[in-house]
Amino acid sequence: MISVDEARKIIIENCSERSSKTVSLELASGATLAADIYSTTDIPPFHQSAVDGYAFAFDEWKLQNQLTVSGVIPAGSNSIPTRLPNHAIRIFTGAPVPEAYDTVVMQEKVKVTDGQLIIEDSELSRGNAIRLKGSEIKSATLALEKGTYLSPAAIGFLASIGIAEVLVHDTISVYILVTGNELQHPGTPLSPGQIYESNSYALVAALKQLRITDIQVERVQDSLEELSLKIKSALIASDIILITGGVSVGDYDYVLQATEKNGIRKLFHRIKQKPGKPMYFGKKDKTLVFGLPGNPASVLSCFYEYVIPVLHFLNNSIQDLKKLNVPIDKSYQKKAGLTHFLKGYYDDSIVQLLDAQESFRLSSFAKANCLICIPEETTLVQKGDLVEIHPFY
Ligand code: AMP
Ligand code: MG
């Protein structure tokens with residue numbers, strides 16, 4: 001059995017750089033950037049009026065208090081009228097502000113009588129209502145970092161700086177294999193000896209929260225032949241295989257044999273932790289294979305602790321497992337030898353140790369927002385002691 005830290009190290013050491021491809025911006029939504037993106041131009045590309053109004057030279061207005069209106073600059077205009085002294089020019093939102101004018105006033109704050117502009121804005125200052133050239137981003141500066149998730153706003157931002165193609169990571173495909181003869185679909189009556197299958201639901205939900213959508217789920221009976229075949233097809237179709245159940249040493253636990261049969265190299269089996277002690281990890285080519293002990297709380301704990309860091313790694317996300325130290329609301333005693341991951345609920349000041357910690361139960365997990373990590377050698381945590389918590393994504 002290896003420690004939690006050793007397990008984490010082995011897993012990350014076995015993650016490989018993801019392949020990437022160039023796609024047009026239209027197809028990039030939901031992908032993550034595989035390279036930093038720099039702006040190739042100043043945005044805005046020219047000093048731009050932020051309002052419909054009048055552009056003028058601030059000093060002239062200060063001296064005269066009144067300016068003569070002449071000329072007009074609509075958005076998209078490329079002919080800039082020559083400046084006349086003591087004049088203001090009609091201008092519209094998004095239009096280029098001529099060099100000679102340094103201030104714009106919005107039309108709601110002026111009166112124009114017989115071509116004379118009177119400004120009624122006591123707070124008007126030089127530079128008002130002008131979006132300066134390069135104020136959004138300057139040419140050759142970093143626009144978005146490698147690893148950035150391309151949300152609708154990120155896509156819009158890239159378009160706004162003139163980017164038409166991006167280098168993105170290939171999507172991560174995940175294959176979930178749930179094993180167990182006793183499993184029944186929710187929504188269907190239970191026959192004697194059956195229980196409802198929940199692991200695939202929890203895992204799919206967790207993956208979707210992480211914006212992973214290339215997911216396949218397969219149910220497998222406790223049969224070496226069937227499991228071996230399903231693993232074989234999963235190996236072809238996925239980057240990550242998550243097998244739930246069947247990873248212990250019971251007579252009906254076939255994960256170890258079936259993975260070996262498929263040429264998957266075992267990198268570890270069993271971690272000094274609770275829940276999830278029998279967890280398995282292996283690799284074939286670039287596919288990572290997680291054998292998650294079947295109890296629903298073990299599956300989710302192991303997912304949060306070991307699978308999420310891999311997903312972050314594969315997406316080049318800077319984000320790693322988030323850790324905080326907060327006081328615990330009650331004492332907790334355990335034997336030395338295993339790291340415990342306990343369901344907790346924290347707000348700013350304290351973490352509540354929830355009840356129903358057994359690995360077959362999800363009722364408290366459903367209310368939890370973090371796992372409390374009690375280290376291997378710790379035997380007693382007193383109420384008020386600082387404990388390490390891992391908030392959920
Ligand atoms: P196993 O790891 O296969 O020995 O399963 C451990 C426990 O988790 C058993 O009580 C199983 O019935 C239960 N279990 C396994 N897979 C699932 C699942 N997909 N949904 C709910 N419970 C499960
Ligand atoms: Mg089983």
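Q: Where is P44 found, and what is the peptide bond from I43 to P44 called?
A: In this predicted model, P44 is found in the loop between β2 (37-38) and β3 (48-49). The peptide bond from I43 to P44 has omega near -10 degrees and is cis.

Q: What is the peptide bond from K274 to P275 called, and where is the place of P275?
A: With omega near 0 degrees, the bond from K274 to P275 is cis. P275 is placed in the loop between β19 (273-274) and β20 (280-284). Such bonds deserve mention because most peptide bonds are trans.

Q: What makes the phi of R270 worth noting, and where does R270 lie?
A: R270 is not a glycine, yet its phi is positive, at about 85 degrees. This residue lies in the loop between β18 and β19.

Q: Why does R270 count as partly exposed?
A: The relative accessibility of R270 is 33%. Buried requires under 20% and exposed requires over 50%, so R270, at 33%, counts as partly exposed.

Q: What is the phi of D285, and is D285 buried or exposed?
A: D285, a residue other than glycine, has a positive phi near 50 degrees. D285 lies in the loop between β20 and β21. Its relative accessible area is 69%, and the cut-off for exposed is over 50%, so D285 is exposed.

Q: How do you know whether N262 is buried or exposed?
A: N262 has a relative accessible area of 10%; buried means under 20%, and N262 is therefore buried. Its position is in the loop between α6 (255-261) and β18. Not counting residues up to four places away in sequence, N262 touches S228, I231, K232, L235 and K284.

Q: Why is S198 called partly exposed, and which residues is S198 in contact with?
A: The relative accessible area of S198 is 26%, which falls between the 20% and 50% limits, so S198 is partly exposed. S198 is found in the loop between β15 (195-196) and α4. Leaving aside neighbours within four places in sequence, S198 is in contact with P296 and L362. The C-alpha atoms of S198 and G294 are separated by 9.9 Å, although these residues are 96 residues apart along the chain.

Q: Which residues is F303 in contact with, leaving aside its neighbours within four places in sequence?
A: F303 is in contact with L203, A206, L207, L210, L242, I308 and L311, leaving aside neighbours within four places in sequence.

Q: Why are α1 and α7 called roughly parallel?
A: The two helices pack at an angle of about 30 degrees, with their axes 10 Å apart. Angles under 35 degrees count as roughly parallel, and α1 and α7 are therefore roughly parallel to each other. α1 passes α7 in a right-handed crossing. At this contact, V4, A7, R8, I11 and I12 in α1 meet E305, Y306, P309, V310 and F313 in α7.

Q: How do you know that α4 and α7 are roughly parallel?
A: α4 and α7 pack at an angle of about 30 degrees, with their axes 10 Å apart. Since the limit is under 35 degrees, α4 and α7 are therefore roughly parallel. The crossing of α4 past α7 is right-handed. Here N199, A202, L203, A206 and L207 in α4 meet P296, V299, L300, F303 and L311 in α7.

How values were computed:
Residues are numbered from 1 along each chain as its sequence is written. Chains are lettered from A and ligands numbered from 1 in the order in which they are written. This is a predicted model: local features need pLDDT of at least 70, side-chain atom pairs count only at pLDDT 80 or more; totals for chains, interfaces and linings use all residues. Side-chain values use heavy atoms; hydrogens and water are left out. Contact means heavy atoms within 4.5 Å. Axes are lines fitted to C-alpha atoms, for helices over the stretch in contact, and angles run from 0 to 180 degrees between N-to-C directions. Helices (H or I, at least four residues) and strands (E, at least two) are DSSP runs, numbered from the N terminus. Angles under 35 degrees count as roughly parallel, over 145 as roughly antiparallel, 65 to 115 as roughly perpendicular and the rest as oblique. A crossing is left-handed if the near helix is turned anticlockwise from the far one by less than a right angle, and right-handed if clockwise. Buried means under 20% relative accessible area, exposed over 50%, partly exposed in between (1.4 Å probe, protein chains only).
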